[in-house]
Amino acid sequence: MSKQGAVIIKEYNIVIIGGGPGGYTAAIRAALKGAKVAVIEVDKLGGVCLNRGCIPSKALIASAVQYRKMKEADSFGIKLATPPVYDWSAMRARKDRIVGTLVGGIGQLFKSHGVEHYPGFGRVTGKNEVTVFHDDDKATRLKADSIIIATGSRAVSIPAFPIDGMRILSSDHLLELDGLPQSMLIIGAGVIGCEWACMLSMLDVKVTMVEMLKRALPMEDENTSKLMERELKKLKAPVHTDCKVEEVVPGPEGITGRLSNGKTVDANQVLVSVGRRFNTEEIGLDDIGIKLDKNGSIKVGPDTRTSVSNIFAIGDVAGESLLAYTAVHDGTVAVDNALGGEAKKNYMGVPSVIFTHPEVGSVGLQYSQAAEKYDVAVGRFPLRALGKAHAENEIAGEVMVLGDKKSDKLLGVHVVGIHAAEIVHTAALAINRGLTVSQLGSMIFGHPVISEALMEAAHDLHGMSVHLAKKR
Ligand code: NAI
């Protein structure tokens, strides 16, 4: 069957382009609701999250944390016969095993739910039609009542330092390195930059970061950035903020980065982590009249419908939030609506979780955002005042709680510290359900747990934390 001679082989209720977290979960959900579903995926099922993002990076971060813990064995009363040594290839192999298991799991889930998987590149070729272009130049046409576009995003490359996979890398390349370099220049101190900076530093790589905005993790609260910059300093991974890399040239260690502040940084390799762009090319959007937003993402309404009403876009490619878990949420909305519902996206209380060392977890408004609308009260509790933090030897960080002085409404919670990415979910539920700061603080927390810092920070907002010295 050639491209020209493609025949319609099947009809579906929903055809989904993209088998990442948004696409594959939407497919299973639709199947659970009785729909006949197909998923087209050009690469491996699981998308960036499973294959090149969330899961592999967290597997490697877990290895780095273990290594760091072993280096601190003494402080736990353990004498190691010889200092710990890590084996990067073995760490990578562990990461690959985890990824393999999970990707295989999606295939199994598809089989069990009757979701049909088409390997190949999907292109919308009609309001009710998607064509799959296979590797062997053949094509298959699928008819669909509704189409969901879940094609995701990819790392941005900057012309001044084009990613070549040798000296200038994206995070995709880092995951597959044969060996770690001794030194790394990281351009962009956003989520990926900071996660990798912490991981590489824990694995003894000398890291220098450059961030064009005024602070590391500029998308988080200013207080979080301050705490994170302090921790990066402790890890000996300095950040040049308010600064750009003008150019990357060959240098004594491999490359030299010339910075806009006049300094130079020598390193073996460069990681470019300056954001992502949307995968909207070649998928037939123009032909069918699907409109894009100014930032190049697909324009959708709160119901995830594009400008063509039976075609939906979810996840990164819809531009509102570039997170695996909001893509999953978008998928539930798209499926409900494709099957006749009237669902709308609800991002109220979506946590942000960053796997730096220590972790970051935040939800709701940042201080500067809250101050625009409310008279803001702040409560803080440092982890060093917690028994469990001492037991774990992880006393860095704090919880900051923001509330409205007038109504006591909980506005935002910002956690830096061990398990922050888990702890923040209690706060996320509180914000999602519109609780007050007092309601959060009056919950009885287990003891000893790191989450107690949430309760204490909520009490501190009213000047009532019993584990803080009296304020004058
Ligand atoms: P990002 O948007 O988080 O950070 C990019 C940073 O690079 C920004 O701080 C930006 O100011 C800076 N930048 C841009 N151009 C620059 C230049 N020329 N010189 C210096 N700095 C420059 O993007 P990132 O880190 O690439 O992550 C991509 C996406 O993946 C994000 O949307 C993020 O939310 C998501 N992600 C989420 C994770 C999580 O939830 N734990 C983990 C990893 C990625």
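## Close-up views, legend by legend

View 1. Arg52 is partly exposed, with a relative accessibility of 29%. Here "buried" stands for under 20% relative accessible area, "exposed" for over 50%, and "partly exposed" for anything in between, using a 1.4 Å probe and protein chains only. Please keep in mind that this is a predicted model: local features need a pLDDT of at least 70, side-chain atom pairs count only at pLDDT 80 or more, and totals for chains, interfaces and linings use all residues. Residues are numbered from 1 along each chain as its sequence is written, and side-chain values use heavy atoms, with hydrogens and water left out.

The side chain of Arg52 meets that of Asp172 in a salt bridge, with N and O 3.5 Å apart. Asp172 belongs to helix 5 (residues 171-175) and Arg52 to the loop between helix 2 (47-51) and helix 3 (54-71), so this pair ties together parts that are 120 residues apart in sequence. A salt bridge is a side-chain nitrogen of Lys or Arg within 4 Å of a carboxyl oxygen of Asp or Glu. Helices (H or I, at least four residues) and strands (E, at least two) are DSSP runs, numbered from the N terminus. Asp172 is partly exposed too, with a relative accessible area of 29%. Its C-alpha lies 9.1 Å from that of Asn51, although Asp172 and Asn51 are 121 residues apart in sequence.

**View 2. Glu195 and Lys58.** What joins the side chains of Glu195 and Lys58? The two meet in a salt bridge, at 2.9 Å from N to O. This pair links distant parts of the chain, since Glu195 sits in helix 6 and Lys58 in helix 3, 137 residues apart. Glu195 counts as buried at 8% relative accessibility, whereas Lys58 is partly exposed at 24%.

View 3. Glu394 and Arg68 form a salt bridge whose closest N and O atoms are 3.3 Å apart. Distant parts of the chain are linked here: Glu394 comes from the loop between helix 11 (387-392) and strand 21 (398-404), Arg68 comes from helix 3, and they are 326 residues apart. Elsewhere to look, Arg92, Lys95, Asp96, Glu176 and Asp178 are linked in a network of salt bridges. The count of salt bridges comes to 29.

View 4. How many residues surround the ligand? There are 21, and the closest are Ile192, Glu195, Glu211, Gly275 and Val353. Helix 6 (residues 191-202) gives the most to the shell, with three residues.

Now zoom in on the backbone. A polar backbone atom of Val191 is 3.1 Å from an oxygen atom of the ligand. A backbone N or O atom of Ile192 lies 2.8 Å from a ligand oxygen, and one of Val353 lies 2.7 Å from a ligand nitrogen. The protein covers 81% of the 850 Å² of accessible area that the ligand has on its own. Accessible areas come from the Shrake-Rupley method with a 1.4 Å probe; for residues, only the protein chains shown count as cover.

**View 5. The largest nonpolar core.** In soluble globular proteins, nonpolar side chains tend to be buried together. The largest nonpolar core in this model has 36 residues, of which Ile186, Trp196 and Leu232 touch the most other members. Helix 6 supplies the largest share of this core, with seven residues. A nonpolar core is a set of buried Ala, Val, Leu, Ile, Met, Phe, Trp, Tyr and Cys residues joined through side-chain atoms within 4.5 Å.

View 6. Where is Ser465 found? Look in the segment after helix 14 (452-461) for Ser465. Ser465 is buried, at 10% relative accessibility. Its side chain makes a polar contact of 2.8 Å with the side chain of Glu456. A polar contact is a pair of N or O atoms within 3.5 Å; within protein, one must be able to donate a hydrogen and the other to accept it, and residues adjacent in sequence count only if both atoms are side-chain atoms.

Notes: Near = heavy atom within 4 Å.
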